[in-house]
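Q: Could you walk me through this structure? I would like the overall picture and then some local detail.

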Amino acid sequence: MRAQDENPSHLRVERLSLPDSLALAVGGKAPFAALGYGTPHGVAWMPTVNARVLSSHGAMADVWHVTGPHIESGTTGIARWRTDGHWLLGAIDLDEATEKQGLAELSHRAYRDLFKTLDQAGTPHLQRIWNYLPQINGDGGGLERYRQFNLGRQEAFLEAGRAAFEGAPAACALGIHQGALSIRFLAGQQAPLPVENPRQVSAYRYPETYGPRSPTFSRAALSDIGDGNIALFISGTASIVGHETVHHGDVLEQTRETLRNLQAVIAAANERGTAEFSLAELDCVVYVRHPADTEAVRDIIEGTLGADAPMARHAVYLEADICRSDLLVEIEAHTVAAGRLRA
Ligand code: 3EB
C-alpha cells in the first residue's frame, strides 16, 4: 500500500518489505533521515542517521503492516537487533569521541559484533548493509577515513570466515557531517545471490591505489523473500567505469553515468532468474554531496526516466558525502518482483 506523505516533517519511505516480517525504513523527522525497524505496531524509529533530507518533494511513504507473531530483540556487544526468526535487522552506533580506538579498529569491532549477532540469532547471511561514516573523506592520520574503514571491515570479514570478495553482501558507505559511525544491516537464513556490474571492476578487486584493503561489497544482491518474490538490493552506485571515477566535477554527467551503471546492474540481475526488474520501478535514495546540485540531479533522473516513473517520483534525496572525494552523487536502490532465482 502506498500513500503520499505530504508532510515533509514526516517523510517516511519504506526501504524493504518482507512478507510476514520486518520492515526497514528510511525517513523520519526532517531534516534528518533515519533508518528504522518496522514492528507490528508501526515503525519504532532507531536513532537517526545524520543525513539531511534535501528533498521530500514527491517522495512516497509506504505504509507497511507487519504480522510476524514472534519478534525478538536484543543486544550483542555493540550491536542492537530485532528478528522474527527468519530475518534480522540490526544497528550499530559508535560515537568515536568516547572511544579510544581509531576508525579501522572501531570498524573491525563493529563488524565483529555484527557477525556475532548473526551467528547467535540463526540468521547467518547478510543481505544488505548501510554504512554511515562521519567525515568519510577526512584524513585519519595519513590514511583517508574511508580507507581506514575498509581496513577494519575487510579484516572482520576475513576473521569471521565470511566472503570478503565474491559473495560479499550489497552495501553502501556514505559520509555524514557529524554523529556516530552508524551501521544498519539486514540478514536472513539464506545466502543472497551476488550480482556484479560488467561495466565496473568489482569493488573487492579495486587496485591498491584506492586503499590498502578493498571495499567489501557486491554491486547487488538477489534474495528470495518467499511468496514467489525476489528482492533486488542494489549497492551504492556512482559514476565509476572500470575502477575510475569519470566526469570529474560534472554532476549532470555523473548522474547520467550512475543511471547507466544501475541499468547494467539490473540487466545482470535479470540474467540470474525469472524476475524482471527495471530501472523505472526502483525505490531509491539519491545521495547528493552538494545540496545545491539537488535539482540538477533530479532533472537528469526525471529526464531519463520520465517524471512519472515510480523511481523518479519516489526518490528520496539526502545530503551525504560520497566515499571518493571526486564523486558528487550516488544512488542506492531496492525493489521486489515476482520470480525465481536460477539454480
Ligand atoms: C563505488 O562504487 C562507490 O564501501 O560499502 C558504493 C557502495 C561505494 C558501497 C562500500 C562504496 C561502498 O566504489 C562507493
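**Overview of the chain**

A: Of the 343 residues of the protein chain, 56% count as buried, where buried means under 20% relative accessible area, exposed over 50% and partly exposed in between (1.4 Å probe, protein chains only). This is a predicted model, in which local features need pLDDT of at least 70, side-chain atom pairs count only at pLDDT 80 or more, and totals for chains, interfaces and linings use all residues. Residues are numbered from 1 along each chain as its sequence is written, and side-chain values use heavy atoms, with hydrogens and water left out.

Q: How many helices and strands does the protein chain have?
A: The protein chain has five helices and 22 strands. These are DSSP runs numbered from the N terminus (helices: H or I, at least four residues; strands: E, at least two).

Q: What is the strand order in the open sheet?
A: The open sheet has seven strands in the order β8-β9-β10-β13-β11-β12-β21, with mixed pairing. Two strands pair if DSSP finds at least two bridges between them. The edge strands, β8 (72-76) and β21 (321-322), each pair on one side only.

Q: Which helix packs on the sheet, touching β8?
A: Helix α1 (residues 103-121) does, and α1 also touches β9, β10, β11 (125-134) and β13 (181-188). Contact here means heavy atoms within 4.5 Å. The direction of α1 makes about 25° with that of β13. Axes are lines fitted to C-alpha atoms, for helices over the stretch in contact, and angles run from 0 to 180 degrees between N-to-C directions.

Q: And where does α2 lie?
A: Helix α2 (residues 145-159) lies across β11 and β12 (170-176), running at about 155° to β11.

Q: Back to β10: how many bridges does β9 make with β10?
A: Strand β9 (residues 79-83) pairs with β10 in the antiparallel sense over five bridges. Within that pair, alanine 79 stands opposite isoleucine 92 in β10.

Q: Leucine 89, buried or exposed?
A: Leucine 89 counts as buried, because its relative accessibility is 2%. Leucine 89 is in strand β10 (residues 87-94). Its C-alpha atom is 7.3 Å from that of arginine 184, a residue 95 positions away along the chain.

Q: Changing topic, why is β15 described as largely enclosed?
A: Five of the seven residues of strand β15 (residues 220-226) are buried, so β15 is largely enclosed by the rest of the structure.

Q: What pairs with β15?
A: Strand β14 (residues 193-195) pairs with β15 in the antiparallel sense over three bridges, and valine 195 has alanine 220 as its bridge partner in β15. Strand β16 (residues 229-237) also pairs with β15 in the antiparallel sense, over six bridges. β15 and β16 form a hairpin with two residues between them, and aspartate 227 in the turn has a positive phi of about 60°.

Q: At what angle do α3 and α4 pack?
A: Helix α3 (residues 251-270) and helix α4 (residues 294-305) pack at an angle of about 40°, with their axes 9 Å apart. The two helices are therefore oblique to each other; angles under 35 degrees count as roughly parallel, over 145 as roughly antiparallel, 65 to 115 as roughly perpendicular and the rest as oblique.

Q: Which residues of α3 and α4 meet?
A: Val251, Leu252, Thr255, Arg256 and Leu259 in α3 meet Ala296, Val297, Ile300, Ile301 and Thr304 in α4.

Q: Lastly, where is histidine 247?
A: Histidine 247 lies in the loop between β18 (244-245) and α3. Histidine 247 has a positive phi of about 65° although it is not a glycine.
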